[in-house]
Amino acid sequence: MNKESKPDRPEWARELAASPFREPMFTEEMKADILNRRKSADLQHSQGLASSWRRRVPVLTAGICALLLLTAVWGWQAFPALRQLVPLKGPGSASEWTPHTLYTENGEPKLQVFAGGDYAAGAPAGAAWFLMSPIEELEGKHVRITAVHRDSGTILEELAETEITADMAYEGGPDSSFKDATRIVSRFGLPLAGLWKFDLLIDGKKYGDIVFDVPDGSWAPSPSFVTDRSEEAKIAASKGASPRSVTGVEGRLAFLGMDFAAGKPNKYMWHFWGKDEELTGDLTFTAVKQHSNELIDVFQTEIRPSPMYGADAMLPSMMMLPSPGLWRIMASIDGQLFGSVVVEVR
């Protein structure tokens, strides 16, 4: 059936199809208002996103910086070679921290040093310093050697100001590079592992410098041993008395006392072995925790030779270590490292 043949719709159908409003409700003004509101909403949304990112950027930046810092610290500890590239607290440029035991001036050797034995942090080893100047030029002057630790900035006096005397002359053999040199001897005892720079001064003026990469000492807890082997002790032991056992390094430094507990002070009797001149002066105990470069002061007093129970000197102390872990306790007399023990703190 075509359109022309359709019957006319009833009146009620035409009324339903017509708009119920007298005037059009969706006017041009309404359209414009809706479009303006949409633009405003879009603008607020964009501003909200920008504000959200502005709030997030500092957080993300802080997180990235923390990650980079952790990575740098890990790399610094894991790769010792990195420590030779950029100095931390020590003065000077990276090139000044390149390990060297020979100092030259204008291409000519001026200062060379040899450290004794398997030197390591926490143990005195001794060193011989050869100044390529005849004794006639240096006799009567004063030599002093200072040292600075690169990673911690710790400064030590390797050799206190000492007058150069005729007996420090070193002639060497006919083919020796040290012919007509001057030889100075020091204790060479460093409390921390890592790069150490030594400046040798003559009458307050720099003569030369040396850089050592000092290896770390053993962190195995020090063993116990019987210190008193006198006849009296043997007789007492034969009668059932317990032997006098101390902890430390036999023939050098040891202590008698309770195990160390973190944060709890206790009494310890220290035993020393050495020459009278070594065991006379101001005694300082310092300590460093494993994986740390922070030296802490533990105890200070004076020491004098006082033979007893097989030791050349003994003295009591009250000591405390602040946190659990392995600690190296070092004894220094008049600023010179005498010896050390390693203890495990509960």
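**Exercise 1. Which residues touch the most other members of the largest nonpolar core?**

Solution. The model is predicted: local features need pLDDT of at least 70, side-chain atom pairs count only at pLDDT 80 or more, and totals for chains, interfaces and linings use all residues. Residues are numbered from 1 along each chain as its sequence is written, and side-chain values use heavy atoms, with hydrogens and water left out.

Step 1. A nonpolar core is a set of buried Ala, Val, Leu, Ile, Met, Phe, Trp, Tyr and Cys residues joined through side-chain atoms within 4.5 Å. Buried means under 20% relative accessible area, exposed over 50%, and partly exposed in between (1.4 Å probe, protein chains only).

Step 2. The largest core has 33 residues, of which Trp129, Leu131, Phe198 and Leu200 touch the most other members. Elements giving two or more residues to this core include helix H3 (135–138), strand E3 (127–131) and strand E8 (194–202). Helices (H or I, at least four residues) and strands (E, at least two) are DSSP runs, numbered from the N terminus.

Step 3. Leaving out residues up to four places away in sequence, Trp129 touches, among others, Leu111, Ile145, Phe198, Leu200 and Ile210; contact means heavy atoms within 4.5 Å.

**Exercise 2. Determine whether Ser332 is buried or exposed, and state its contacts.**

Solution. Step 1. Ser332 lies in strand E17. Step 2. Its relative accessibility is 16%, so Ser332 counts as buried. Step 3. Beyond its neighbours within four places in sequence, Ser332 is in contact with Asp282, Leu283, Thr284, Leu337 and Phe338.

**Exercise 3. Describe the open sheet of 5 strands.**

Solution. Step 1. The strand order is E10-E11-E12-E13-E16, with antiparallel pairing; two strands pair if DSSP finds at least two bridges between them. Step 2. Strand E10 (224–226) and strand E16 (313–319) are the edge strands, each pairing on one side only. Step 3. On average, neighbouring strands of this sheet are turned by 35° against each other, direction ignored; the axes are lines fitted to C-alpha atoms, for helices over the stretch in contact, and angles run from 0 to 180 degrees between N-to-C directions. Step 4. Strands E11 (residues 245–249) and E12 (residues 253–257) pair in the antiparallel sense over 3 bridges, and Gly248 stands opposite Ala254 in E12.

**Exercise 4. How many salt bridges does the structure hold, and how is Arg144 paired?**

Solution. Step 1. There are 8 salt bridges, each a side-chain nitrogen of Lys or Arg within 4 Å of a carboxyl oxygen of Asp or Glu. Step 2. Arg144 forms one with Glu157, their closest N and O atoms being 2.7 Å apart. This pair links distant parts of the chain, with Arg144 in strand E4 and Glu157 in strand E5 (residues 155–163), 13 residues apart. Step 3. Arg144 is partly exposed at 30% relative accessible area, and Glu157 is partly exposed at 34%. Step 4. Asp199, Lys206 and Asp209 are linked in a network of salt bridges.
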